[in-house]
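Have the sequence and the 3D view at hand as you read.

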Amino acid sequence: MAHRQACPREEDLYHALVTRGDHALTVPLSEVLTQDADKLFETYDTVDVLVGIPSFQNAATIGHVVRAVETGLRKYFPDRRCLIVVSDGDSTDGTRQAATEATTAGDEERLLIDPKTDVPGKVVFTYTGTSGKGSAFRAIFAVADCLDVQACAVFDADLRSVSPEWVDRLVGPVLFHDYDLVAPVYARHKFDGTITNSIAFPITAALYGRRLRQPIGGDFGFSRRMAGHWASKHVWHTDVARFGVDIWMTTVALCEGFNVCQANLGAKLHDAKDPGRDLGPMFRQVVGSLFALAGRYVDHWMGGGTIQPVPTFGFRSATSTEEIRVDVNRLVWRFIEGYVTWERIWAQVLAEENWAAVQEAIREASERPEGFVLPVELWARICYDYLLAYNTQAVDNDKLLMSLIPLYFARTATFVEEVRTAGPDEAERLIDSYAEVFNRLKPYLVRRFAESGRTRRLAEQRVDGDPTEPEEDTSEFLAIRSP
């Protein structure tokens, strides 16, 4: 490949546009990489397809991901100039070495790869900024913009179910059909992804009018135009730098005029996360970003409208998924504990009729054969009450979001009982119906927001990486693998 013109490095270009070839750069690589950006990419002029892998302490799994991606690039895009970049958070377990050494070279026959196809280039670097997935993504976005790529994709480093076909399904719609964002559609166990199913999916669909099934999926395809747009945003000192990045990426694309679709990927299996350690920060960052974005894009959802489907690529097939066991009694018990801890905030945040409905559900629990029930209609109004409170800053952000977790547990317990005997397709239809419930109740949010809401800047968030408190431990009853 031809030697490229070095990307600008001057510190005063952070907020300025920099010319690179026939387009403008908004972020010089020296702002997002710890290494000398010129030397890392000095052999590359432009790249057709770039795949980024954000990583931290993933030595056990990243080699498999790199090999799957490399296989996909060689099989599906043999005539394109391809590059794999690993954006690492300064791992100490050998992650970078494992990524560097992983290759398909010499294994073409077993992997059914044409040996005449080129092995993609690979660059492993350490990103700068707040530690988290969002900062790792930002570095990938900046590299994609700098190298003038035609199509990009990102994959989690702990995936155990990634296949070469995923590369085709996330890159193909961008490369051949001019989409700017390709969101994933996974086949998941009915109890997996409950933050997505009960909060992120129905709120995103109702507010922005697009039935995007996995707005916080983790694995995406996107265009250079989209990457440069994301990289230039001034949100990288907020929760977007951590778990909030996925919902932020999706919402920006939906609200700022980009062409969005989704692709069937099948089952997603990856390293189980200890929810006792991860749920609190993850919940606050994902849901906090979702609520803050609703304030930022209030003009996009204050009107009515139906939820429109988005184009979906790839063949949907039945895929077995790992079973997740949930202890409903413990979920309900933690809700009751939350009632004791957060009753004052619930009374302050919830509309009078919703607070009364929660109290009534508690009183009726002993009389119902099914026990405690938090109906989806009440849950939708509760979510809207919290969205409003977040934007009016009626309560400290961290306390507000932590007080929502017991209510989320209560709704999860109700959902588990609703679908306990349901098959995967029946459970999926029920989850899909939640979007219509939230959309039907959107006038409630519109009215309340018009009365007392305000537009909130995402940058008003503060990054919170503190570990959860001991009483937040959920590992005994809820195996949350991903949002």
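Glu418 is partly exposed at 40% relative accessibility, where buried means under 20% relative accessible area, exposed over 50% and partly exposed in between (1.4 Å probe, protein chains only). This is a predicted model, in which local features need pLDDT of at least 70, side-chain atom pairs count only at pLDDT 80 or more, and totals for chains, interfaces and linings use all residues. Residues are numbered from 1 along each chain as its sequence is written, and side-chain values use heavy atoms, with hydrogens and water left out.

**Salt bridges**

- The whole structure holds 23 salt bridges, each a side-chain nitrogen of Lys or Arg within 4 Å of a carboxyl oxygen of Asp or Glu.
- Glu418 pairs with Arg411 at 3.2 Å, N to O, and Arg411 is buried at 2%.
- Arg67, Asp107 and Arg110 form a salt-bridge network.
- Asp107 is buried at 18%, Arg67 is partly exposed at 23%, and Arg110 is exposed at 58%.

**Aromatic rings**

- A whole-structure search gives 21 aromatic pairs; rings of Phe, Tyr and Trp (its six-membered ring) pair if their centres lie within 6.5 Å, and planes under 30 degrees apart count as stacked, over 60 as edge-to-face and the rest as tilted.
- Tyr339 and Trp346 pair edge-to-face, with centres 5.9 Å apart and 70° between the planes.
- Trp346 is buried at 0%, while Tyr339 is partly exposed at 22%.
- Ring pairs also join Phe137, Phe141, Phe222, Trp230, Trp236 and Trp248 into a cluster.
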